[in-house]
Amino acid sequence: WLASNIAQVGVLEPIQVQPLNSGKYRILAGHRRTEAARRANLATIPARILQVDDNMATAIFNATNLGQRAHLLPSEKAFAYVSLEKALAEENSSRATAAIAELTGDNKRMIQRYKRLLELHPDLLHWVDTEQIPMRAGEYISFMDPDSQLALVNVLSGMDVARIDLKQAERLREARRPGVRLTKQEIKDILWPKKTVKPEKPKSYKISADHIGKYFKAETKPEEIEQTICKALEYYQAYIGDTE
């Protein structure tokens, strides 16, 4: 499909290459476009020449090929972003995240979320990789201090399956306090809050006016009727008690 498309409209996005001492070029991004151009019988392809060292070239290659792997783990993606960021920093880039987004085509906010995962305790990061903790939940948990994260690991390790959903992770993030470690019990209370039991409303009873109307005058007030009925029930209860 790509070869057919290139044959019709050409290569719209230049590939990225690194010049070599031999006079040739190393492709850093655009292997699929280059192969498709060959199949479309093109003799040349537009390219952007990057003057970078080998470390930077490797970082760019890794980052721009992140999308080629269908089952890339969140931690692998996070490490790749950080590796590229370090390489860009060496090139005196003041807009590292924006530069990564330009190279990879990934959203800047998403890049920042993946990088936050590297602030997680190794066990928590493993649970993100195994999808026991959603990636966004892992981002929220990453804002907890290391001691609180360790306490969370101890809590989850005692469960059959270590699992946290997004709402639980959000509550953990909101509960964090600067310089204060959350205890295991506090974490349990946050993850599984006790349900408050609402007091039952007093029962109410209705009596048809047809049934009691004959016992009262028309002008009798409702509160007087209620008092009379209650008094009658007290006498009735006392009578039942005497006969038992």
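Two strands pair if DSSP finds at least two bridges between them. Strands (E, at least two residues) and helices (H or I, at least four) are DSSP runs, numbered from the N terminus. With these terms, select Gln16 first: Gln16 stands opposite Arg48 in E3.

The model is predicted, so local features need pLDDT of at least 70 and side-chain atom pairs count only at pLDDT 80 or more, while totals for chains, interfaces and linings use all residues. Residues are numbered from 1 along each chain as its sequence is written, and side-chain values use heavy atoms, with hydrogens and water left out.

**The whole chain**

Show the whole protein chain as a cartoon. The chain has 13 helices and 3 strands. It holds 244 residues, of which 33% count as buried. Buried means under 20% relative accessible area, exposed means over 50%, and partly exposed is in between (1.4 Å probe, protein chains only). A contact means heavy atoms within 4.5 Å. Of the contacts with a separation of 6 or more, 58% are between residues 24 or more positions apart.

**The sheet**

Select residues 15-19, which are strand E1. In what order do the 3 strands of the open sheet stand? The order is E2-E1-E3, and the pairing is mixed. Strands of a sheet pair through backbone hydrogen bonds, either parallel or antiparallel. E1 and E3 pair in the parallel sense over 3 bridges, whereas E1 and E2 run antiparallel and are joined by 4 bridges.

From one strand to the next, the twist averages 40 degrees. Axes here are lines fitted to C-alpha atoms, for helices over the stretch in contact, and angles run from 0 to 180 degrees between N-to-C directions.

Now pick Val17. Val17 stands opposite Ile27 in E2 and opposite Ile49 in E3. In E1, 4 of the 5 residues are buried. Next, follow the chain from E1 to E2: the two form a hairpin with 5 residues between them. Gly23 is in the turn and has a positive phi of about 95 degrees.

**Helix H2**

Select residues 31-39, helix H2. H2 packs on the sheet and touches E1 and E2. The direction of H2 makes about 115 degrees with that of E2.

Show the side chains of Glu35 and Arg39, which meet in a salt bridge (3.3 Å, N to O). A salt bridge is a side-chain nitrogen of Lys or Arg within 4 Å of a carboxyl oxygen of Asp or Glu. Side chains of opposite charge can pair when their charged atoms come close. Glu35 and Arg39 are 4 residues apart in H2, so about one helical turn separates them. Glu35 counts as partly exposed because its relative accessibility is 34%, and Arg39 counts as exposed because its relative accessible area is 62%.

**A salt-bridge network**

The structure holds 8 salt bridges. Select Arg113 and Glu139 for another of them; their closest N and O atoms are 3.5 Å apart. Arg113 lies in helix H6 (residues 108-116) and Glu139 in helix H8 (residues 135-141), so this pair ties together parts that are 26 residues apart in sequence.

Are Arg113 and Glu139 buried or exposed? Both Arg113 and Glu139 are buried.

Arg136 is partly exposed, with a relative accessible area of 30%. Salt bridges that share partners join Arg109, Arg113, Arg136 and Glu139 into one network.

**The nonpolar cores**

A nonpolar core is a set of buried Ala, Val, Leu, Ile, Met, Phe, Trp, Tyr and Cys residues joined through side-chain atoms within 4.5 Å. The largest one has 40 residues, and those with the most contacts inside it include Leu124, Ile133, Leu156 and Ile164. Helix H9 (residues 146-157) gives the most to this core, with 5 residues.

Pick Ile164. Leaving aside neighbours within four places in sequence, Ile164 is in contact with residues including Pro134, Leu152, Leu172 and Leu191. Apart from this core lies another, of 5 residues, among them Val11, Ala36, Ala37 and Ala40.

**Last stop: Ser148**

Select Ser148, which lies in helix H9. Ser148 counts as buried because its relative accessible area is 1%. The side chain of Ser148 reaches the backbone nitrogen of Leu182 at 2.9 Å. Leaving aside neighbours within four places in sequence, Ser148 is in contact with Val180, Arg181, Leu182 and Ile187.

How values were computed
A polar contact is a pair of N or O atoms within 3.5 Å; within protein, one must be able to donate a hydrogen and the other to accept it, and residues adjacent in sequence count only if both atoms are side-chain atoms.
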